[in-house]
Structure formats: structure tokens, C-alpha cells
Amino acid sequence: MLIKREPEIRSSEITPELVYRSRREFLRTAGVGAVGLATSSMWLGDDLAAQAVLANVKKSTYMVADDKPHSYEDITSYNNYYEFGTQKSDPARYAGQLTVKPWTVKVDGLVAKPADYALEDFIKPHQLEERTYRFRCVEAWSMVIPWVGIPLADVINRVQPDGKAKYVEFTTLMRPSEMPGLRGGGLDWPYTEGLRLDEAMHPLAFLAVGLYGKELPNQNGAPIRLVVPWKYGFKNIKSIVRMRFTEEQPQTAWNKANPREYGFYSNVNPTVDHPRWSQATERVIGQLFKRKTLMFNGYADQVAPLYKGMDLKKFY
Amino acid sequence: MSLMTRGLEPAVAAVCVVPLVLLAYKAYSGDLGVNPIETLTHETGGTALKLLVASLAVTPVRRLTGWNRLVSTRRLLGIFAFFYAVLHFSIYLVFDQFFDVMAIVDDVLKRKFILSGMVAFLAMLPLALTSTNGWIRRLGRRWQTLHRLAYLAGAAAAIHFVWKTKVPEVEPYAYAGVVAVLLLTRVWFSWKKRQTQTA
């Protein structure tokens, strides 16, 4: 299959190394000052400098040509992660207490090599790469995010699903002692998501373990999360503890909570509105006015063939 | 007239202005968060709802406590509620829809969440316009009938908040509960009044 790739990022838009470093230096210095102020800050100690650097990261050609990546602060202080609360600031405030080391990912179901993988062993056989993707939330806001991770297809090829497997189901950690949002209810925990196997095998589908060249902060779904940039944000399940290969279409958390509003596919689609608000436009974080949302979040050239012949109004 | 009573209206007005001052200060110091427009939308909408609830609470509280002087704050609370609703709607008009009237009409007709907010806003509009002493005099008894639209505004605003969230949350339902109680007190008072009239 020939995959048309995003044009490479223009050199003028890459943050110069010196600026990047001085920002990090600033954050480090600010971090020292913040120790004394830790109570009032939204920013409780997960500045960029505090995260461990990921080694041997390959720059990939998956870049967003027309927009700059959002700042580390934007990406890490405005999150939907209902296990920590429903406010955008809750994950940054409460996810710090989550224990992400050690971490195990269970692979089971219709697969040749089911196992409980320690995260390091799960990642190690694969080449880490940096990919800058657009991220479009179902709430009609968006960001541009420089992830670090591995192609989901590489992992799937390694664990070898058998011929009957048609879907893969993902499950998020459910640990009430560290996740205050679980007390609030709202969704049927643990959070689950799913992809059709051909969607999961698509070269754009990605498992992220890092952000801005460093380990993923907890509020962004550490230590490992899904990134499928042509789908709404909630499909990009965080803090994955299980991948199960199935013949039946898996149940997904938001679809269970409100089937009329959230379908299994949840592809970004400006022509299919959420029942309560329009999906035709989005607010790019940091901009005053909304702009038109692109079909498949701008990845139509790559992913449209997956849905050939399907009525996307019916399979929303 | 005691000093406390005389200071009642200025004190209420001062409290009503506080959210605006705070927002202006946060905007000035770049402290509106990652999504400033969303913050402004939520804060102005939330303040409008709070003041609308406060204005609806005046009459029941006055009847329960016998503190009749309180009635003089009702108009003030209502006008400030409308003021914050105007800000809330303006943000939607300018930053969300950029004056696209067709898109707004489409939004209102298609979505009960937007419709409920628009009903609340439009119900408050004639109340704000007829809030002057001149209009109270001119409309006479009809003024009171017209201003029962405040009940509709309160109910619609509370429902608008409930329909906003993706999963059921405590706060919107708490507001809806308070509005329901405040409206039920009207039913109860009018029932009692009829009882005493027939007795």
C-alpha cells in the first residue's frame, strides 16, 4: 500500500535548538522557584525539564506542515482524563500521584503471543520516532502535538493476531486509590476503546510514550497511550494496560455512556455533527476565532480508503 | 433608615461587579488559561446563572424572613444577570460564530443545548428593557405578568447548564435543583393565597 505522507515540516517552523534549550533552562529555573509556590500553581512540578529524556528517537516524516506544535504547557495543562476529574485542569493537578513504574501491558485474545509484557520489553524491540500530529477533540478544540512513540502496526505484527481477529480492544488502568475521578462515576470504568484491525494496522496509528522528546507526563496518558490522529481525541486511549484481539466489535466507554453522541468509529468529520454542537469548525488552542475542521482531521488522503463504501453518517 | 439598609443596593452592585473585575484582571495578566475564550464563556455564563438564581431567590427569602427592603435588590440582580448573559452571548456571536447568522439559526434549531441558552437569553431581554421606573408605571399590572418570564429564563438557563456537560455532573444538577425549589415556592405561595381568599 502506498501511503501519501504529510509534507515535511518547513525548516522555518522548527524551533531552533538554542531557543528550545533556553526554554528548558527557563523551565528548570522556574521549577526551582516553583517549589515554594507549589500550592497555587496549576503546574505542579511536571515541567519539561523534570521528565526523563528518551534516547535514540528518530525524526519521522509525519509532521504537520501548516501549524506549529503547541507549547508544552498548553499540552500538559489542558487535558480530558476523566479518571482524574472532569475539569480540564484536574489531570495536571491530580495525575502526578499515579504510579507508572513498573507498568505491564497485557496482550490477549485472538493472538499467537499472548503475554503480560513489562513496558520496557513491550517498547524495546521497536524504533522510537517523533511524529507531530494534529489532535482534534470532540469538544471542537484542537492542538498540534509532537509525540514520541512507536507505530502500532509494529507491535501488532510482533504479537501476531490470528486470522479470526477483526478488532483490537484497549483498556485504561483503573486504580481508584490514585485516580480520584473514578469516585465521581459518569463513565463505566475501566475506560475502553477499540479499533478495527485494519485501522490499527494503518501506518498513522501510533503508540505514544513521549512528548517533546521526553517521557510522557501522567496527565497525557503515561506511560503509553494510543494516538490515532484522524479520530476524535477520546479514541486516543490513555495509560493502556491491556490490548485484546477480538472477532466482535469491542464496546467503547463513550459509546456505552451515550450511544447517540459517540459512535464506535468517531472519525473527525465536519459533516456529521455531535447532537449538541457542530463539528464543522474548531478552535485551535491559542487562536481567537474558530476555523473549519478538515475531513479525517486533515488525514483524508491517508485514511479515507479504510472507509470506502461506508456511510459515515451511519457509522459515526 | 439604618446605615446597613441604605448600603444594601451599593453593596449588592459591588458584589455583582466583582466577577467582571476578576475576569478583566485575569485577561490583563494573561491568566485565563490555555483556552481563554472557553474560560470567558464559562465564567460569564456561570455568573449570569448565579445572579439569575439570586434574583429569583429575593421574593421567597423576603417572604420567609419578612425583610421587605430586600426587594430593592431584585432589579439590580436581574440587570446584572442580563449584563453577564449579554457578554456570554456576545462571545458566542463573535468568537464562536463570527456573526454568521445562518449558522446561529441552524445551531439553535438543531441543538437543544443552544436552544435552551437562547430561550433564557431572549426571555431576559424584554425584562431588561422594561426594568425602568417609567416602564413599570406604564405597564401597571401587566408589568408583573411580563416579568414572570424570569421563571422561564431561570429554568432554561439551568437546563442549558445541565445539557452542556458530557457526563452528568453535580454542579449543573445542583443549580437545576435550586431553581426548581425557587419556582415551586411560587406555586406554593399562590396556592396559599388562594386558600386564604376562599376561606
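Is A:N297 buried or exposed, going by its relative accessibility? At 2%, A:N297 counts as buried, where buried stands for under 20% relative accessible area, exposed for over 50%, and partly exposed for what lies in between (1.4 Å probe, protein chains only). The model here is a predicted one, so local features need pLDDT of at least 70 and side-chain atom pairs count only at pLDDT 80 or more, while totals for chains, interfaces and linings use all residues. Residues are numbered from 1 along each chain as its sequence is written, chains are lettered from A in the order in which they are written, and side-chain values use heavy atoms, with hydrogens and water left out.

Back to A:N297, which sits in the loop between β13 (291-292) and α8 (300-303) of chain A; helices (H or I, at least four residues) and strands (E, at least two) are DSSP runs, numbered from the N terminus. A:N297 is not a glycine, yet its phi is positive, at about 55 degrees. A:A140 is another non-glycine residue with a positive phi, about 75 degrees. A:A140 lies in the loop between β4 (129-136) and β5 of chain A and is buried at 4% relative accessible area.

Chain A as a whole comes to 8 helices and 13 strands, and 56% of its 316 residues count as buried. Of its contacts (heavy atoms within 4.5 Å) with a separation of 6 or more, 74% are between residues 24 or more positions apart. The largest nonpolar core has 87 residues, a core being a set of buried Ala, Val, Leu, Ile, Met, Phe, Trp, Tyr and Cys residues joined through side-chain atoms within 4.5 Å. A:F122, A:W147, A:L152, A:I224, A:W230, A:M243 and A:F245 touch the most other members. Strand β5 (residues 141-151) of chain A gives this core the most, 7 residues. Setting aside neighbours within four places in sequence, A:F245 has contacts that include A:V107, A:L110, A:I156, A:Y167 and A:L197. There is also a second, separate core of 32 residues, with B:V53, B:A157, B:F161 and B:Y175 among them.

The loop between β9 (214-215) and β10 (225-227) of chain A holds A:N218, which is buried at 12% relative accessible area. A polar atom of the A:N218 side chain lies 2.8 Å from the backbone oxygen of A:A95, and the side chain also reaches the backbone oxygen of A:L98 at 3.2 Å.

As for the interface, 18 residues of chain B are in contact with 29 residues of chain A. The buried area (accessible area, 1.4 Å probe, that two parts lose on being put together, summed over both) is about 1,900 Å², with carbon and sulfur atoms giving 56%. On the chain B side, B:V34, B:R111 and B:K166 lose the most area, together 39% of what that side buries. The two chains share 4 salt bridges, each a side-chain nitrogen of Lys or Arg within 4 Å of a carboxyl oxygen of Asp or Glu. One salt bridge pairs B:K166 with A:E139 (3.1 Å, N to O).

Conventions:
A polar contact is a pair of N or O atoms within 3.5 Å; within protein, one must be able to donate a hydrogen and the other to accept it, and residues adjacent in sequence count only if both atoms are side-chain atoms.
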